[in-house]
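Hi,

Here is the structure I said I would pass on.

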Amino acid sequence: MATSKSRFLTAQWKNLVMLNYEVDPEILKPYLPAATEIDLWEGKALVSMVGFLFKETSVLGVKWPFHVNFEEVNLRFYVRHYDGKEWKRGAVFVSEIVPKLLITVIANTLYKEHYSCFPMRHSITKEGASHTQFLYEWKVKGRWNKLGATVRNALVKIEPGSAEEFIFEHYWGYNRLTDTKTMQYQVEHISWQIAEVKDSVFDADIAALYGEAFVPYLSVKPFSAFWANGSDIAVRMGDKLVVDPVLPK
């Protein structure tokens, strides 16, 4: 899709683990940006716990020392916005965790994201000839939280209309600024390849990290678990959507 916005960030997103949970849409409404609505999958409101690697990261064309390769874990949900011509499918982030303070400051300041900075680590472990485990960990108050999946070593394409397409194929980000203002930005990448998830793990202090409202939903077995190989990505400079407030009658 053509755009006049310049690239704010380029990188590679690699080895994306996505554990997806069904939630009551009411708990998402405090985070819902103006001019968007919750995008449902077969009538269900889903959130995703996501772990992946940032590699070869460049901000405004500059690779900042010690901020090029790092982990991220986030909690996100799915929305859509009608721009007068077409529906744009996007993601809203409840929480994003990285180990780099500079990334946190830039993203929270320019894009009004919800980044936090904690020590992080990851591992990629072969499990025989057929599977690989991808594990992301972050340390909060002396405890290592973890998110991971064991994945079959066989890549396939994402099928149109599939659950994987719904989760992975989002090319816009939306952030709530006020009740009437929303930050919108475009994300560019090719369609990824995926692999079958054999099993998964998510062990975290859900209440402390994401709030009590998410505890009943993130404490159970995920609705689905996906993995994608990732690719080069680009995030365009954002702009603001302004919605006229509804005047009282």
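Let me start with a question: is R236 buried or exposed? R236 is buried, with a relative accessible area of 15%; buried means under 20%, exposed over 50%, and partly exposed in between (1.4 Å probe, protein chains only).

Before the rest, a word on the source: this is a predicted model, so local features need pLDDT of at least 70 and side-chain atom pairs count only at pLDDT 80 or more, while totals for chains, interfaces and linings use all residues. Residues are numbered from 1 along each chain as its sequence is written, and side-chain values use heavy atoms, with hydrogens and water left out.

Back to R236. Its salt-bridge partner is E188, with the closest N and O atoms 3.1 Å apart (a salt bridge being a side-chain nitrogen of Lys or Arg within 4 Å of a carboxyl oxygen of Asp or Glu). This pair ties together distant parts of the chain: E188 sits in strand β12 (residues 181-188) and R236 in strand β15 (residues 224-236), 48 residues apart. Strands here are DSSP runs (E, at least two residues), numbered from the N terminus. E188 counts as buried because its relative accessibility is 19%. R7 belongs here too, as salt bridges that share partners join R7, E188 and R236 into one network.

The whole structure has ten salt bridges. Among them is K29 with E26, at 2.7 Å between the closest N and O atoms. Both ends count as partly exposed, K29 at 45% relative accessibility and E26 at 47%. Another one joins the side chains of K63 and E56 (2.6 Å, N to O); K63 is partly exposed at 47%, and so is E56 at 36%.

On to the strands. β7-β8-β9-β14 is the order of an open four-stranded sheet with antiparallel pairing (two strands pair if DSSP finds at least two bridges between them).

W64 counts as partly exposed because its relative accessibility is 39%.

Cheers
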